[in-house]
Amino acid sequence: MDEKLIQRLESAVARLEALSTGFRAGGAPESGEDAVSDPSILGFDDLMGQYFARVYSAAEKIGGQVLTVTKILKEAFSVQRELLVKIKQTQKPDLAGLAEFLKPLNEVIMKANALTEGRRSDFFNHLKAAADSLSALAWIAFTGKDCGMSMPIAHVEESWQMAEFYNNKVLVEYRNKDPDHVEWAKAMKELYLPGLRDYVKSFYPLGPVWSVRGENAAAAVAAPPPPKTSAPRTPAAPPPPPASLFSSEPSQASSSKPKQGMAAVFQEINSGKPVTSGLKKVTDDMKTKNRADRVGVVGSSEKGGRTASPSFSKAGPPKLELQMGRKWVVENQVGRKNLVIDDCDAKQSVYIFGCKDSVLQIQGKVNNITVDKCTKMGVVFTDVVAAFEIVNSNGVEVQCQGSAPTISVDNTGGCVLYLSKDSLGTSITTAKSSEINVLVPGSDGDWVEHALPQQFVHSFKDGRFETTPVSHSGG
């Protein structure tokens with residue numbers, strides 16, 4: 001108890017020193033040396049030494065792509081440190097100036113996201129966990145309650161939730177195979193929770209504190225960081241919108257953003273414009289049924305030449321929208337890993353239909369969630385008032401971070417459920433389903449896997465049937 005009290009007092013003193021050293025006589029900004037020795041910057045160095053050192057040490061033992069993405073992770077944290085130093089010497093910029101100021105951090109985040117694109121590697125879960133976690137560093141872009149972001153502490157926690165989905169996959173895959181990978185995944189989580197979260201809580205709970213009489217943001221970006229020297233930047237194209245800091249895709253699907261990508265295409269089609277004016281008219285002699293050189297058999301070369309569109313399903317256009325203010329509809333999403341519903345309440349339900357190879361994160365409490373006819377679908381949710389239902393699906397992974405009274409699985413093949421400590425009292429109902437595994441947190445922090453039975457023995461005793469599950473060795 002005494003040690004915790006001392007830590008709290010030291011943290012309070014550090015915050016008071018950070019506020020008192022923010023200005024000099026006449027309100028002048030801090031010099032480069034003063035900014036580097038500021039308690040908040042020293043606290044960031046402690047964060048790197050205490051938490052990131054573990055991540056990097058484990059990555060060096062693993063090597064390969066894991067070490068590569070960890071080096072990018074280190075670069076991103078180093079860039080954030082430089083930006084924190086510059087903030088103490090810079091006036092608060094406008095929106096366009098903020099985007100330009102944060103451009104170095106955004107470039108590193110995009111570099112990490114690039115590693116997750118293309119052909120999937122054996123370490124995809126490592127790469128995805130690291131890349132998604134970097135969005136937590138965007139807390140530095142918080143400018144006030146009306147900026148559209150969560151408070152800095154909440155932003156760090158929410159950003160880690162998406163990365164944790166892939167980080168947990170690393171823990172499950174390597175828990176009995178390679179302790180270095182397990183150590184890397186555990187250290188990754190501790191880097192953000194409690195590491196970065198507690199750092200932001202101690203020094204920047206209300207966001208970064210800009211200088212009143214410092215230089216403007218454009219000059220700060222062009223100038224080199226205090227301890228280093230570098231060549232001046234060349235003029236660049238207009239800065240991207242700040243949203244690029246939070247997304248690995250140009251147009252991340254979110255409930256709070258306007259329609260983009262394929263959704264905008266379908267909106268244009270429905271606008272009534274002459275979109276078919278460039279199409280050729282098909283005459284009778286051109287139709288397949290009237291051509292003698294065609295047969296009703298599709299060759300193997302034709303089959304191989306067709307590829308599925310990554311943005312929409314044959315069943316219809318993708319949807320992520322709130323209908324009648326009561327029901328969130330997520331339909332026909334294919335290959336979308338960053339779907340987010342972040343504006344929901346306990347009276348609303350979520351219906352997920354026809355999605356494939358996608359991940360949906362539901363931030364907040366909802367009444368009911370249903371997954372219907374989905375394949376390789378991942379769902380991360382916080383709390384459910386009534387039930388979480390999975391029907392007619394294959395390869396579904398669900399992570400409950402809060403509580404859910406009931407989870408039902410019907411006519412589904414391949415289902416993995418991750419339960420938090422608060423959801424261990426969940427009632428799980430299964431019917432006509434196979435390969436259902438439930439992972440619960442163990443006493444040592446590792447996930448403990450339990451396979452639910454799918455075979456039963458029915459015995460007639462004393463005038464009634466008794467049903468018992470079939471036990472398997474090693475289950």
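Where is the place of Ser-420?

Modeller: Bear in mind that this is a predicted model. Ser-420 is placed in the loop between strand 9 (413-419) and strand 10 (427-431). Is Ser-420 buried or exposed? Its relative accessibility is 13%, so Ser-420 counts as buried. The cut-off for buried is under 20%.

What does its side chain reach? The side chain of Ser-420 comes to 2.8 Å from the backbone oxygen of Gly-402.

Now the wider chain. It holds 12 helices and 14 strands. Of its 475 residues, 43% count as buried. Take the contacts between residues at least 6 apart in sequence: 45% of them join residues at least 24 apart.

Most residues other than glycine have a negative phi. Met-324 has a positive phi, near 55 degrees. It sits in the loop between strand 1 (319-323) and strand 2 (327-331). Met-324 has a relative accessible area of 82%, so it is exposed. Lys-376 also has a positive phi, near 50 degrees. Lys-376 belongs to strand 6 (residues 375-391). At 56% relative accessibility, Lys-376 counts as exposed, because the cut-off is over 50%.

Next, the helices. Two packed helices are described by the angle between their axes and the distance between the axes.

Ser-57 lies in helix 3, and it is partly exposed at 33% relative accessible area. Ser-57 and Ala-187 are 130 residues apart along the chain, yet their C-alpha atoms are separated by 9.7 Å.

Helix 8 (residues 152-174) packs against helix 9 as well, at about 170 degrees and with the axes 9 Å apart. Helix 8 and helix 9 are therefore roughly antiparallel. By class, that contact divides into 15 nonpolar, two polar and six charged residues.

Helix 7 meets helix 9 at about 10 degrees, and their axes are 12 Å apart. That angle makes helix 7 roughly parallel to helix 9. From helix 7, the contact takes His-126, Ala-129, Ala-130 and Ser-133. From helix 9, it takes His-181, Trp-184, Met-188 and Tyr-192. Five of these residues are nonpolar, three are polar and none is charged.

Trp-184 turns up again with Thr-70. Thr-70 is in helix 4, and at 0% relative accessibility it counts as buried. Its side chain and that of Trp-184 are joined by a polar contact of 3.2 Å. Leaving aside neighbours within four places in sequence, Thr-70 is also in contact with Phe-52, Val-55, Tyr-56 and Ala-59.

Helix 9 has one more feature. Most peptide bonds are trans. The bond joining Leu-193 and Pro-194 is cis, with omega about 15 degrees. Pro-194 lies in helix 9.

Last, helix 6 (residues 103-114). Its 12 residues reach 16 Å from first C-alpha to last, close to the 16 Å expected at 1.5 Å a residue. Its buried residues are Lys-103, Pro-104, Leu-105, Asn-106, Val-108, Ile-109, Ala-112 and Asn-113. The cover over them includes helix 4 (64-87), helix 5 (95-101) and helix 7 (124-133). An α-helix has 3.6 residues a turn, so residues three or four places apart point the same way.

To return to your residue: Ser-420 is a buried loop residue, and its side chain reaches the backbone oxygen of Gly-402.

Methods. Residues numbered from 1 in each chain as written. Predicted model: local features only at pLDDT ≥ 70, side-chain atom pairs only at ≥ 80, totals over all residues. Heavy atoms only, no water. Helix = DSSP H or I, 4+ residues; strand = E, 2+ residues; numbered from the N terminus. Expected span 1.5 Å × (residues − 1). Buried < 20%, exposed > 50% of the residue type's maximum accessible area, 1.4 Å probe, protein only. Contact = heavy atoms within 4.5 Å. Polar contact = N/O pair within 3.5 Å; in protein donor to acceptor, adjacent residues only side chain to side chain. Axes fitted to C-alpha atoms, helices over the stretch in contact; angles between N-to-C directions. Parallel < 35°, antiparallel > 145°, perpendicular 65-115°, else oblique. Nonpolar A, V, L, I, M, F, W, Y, C, P; charged D, E, K, R; others polar.
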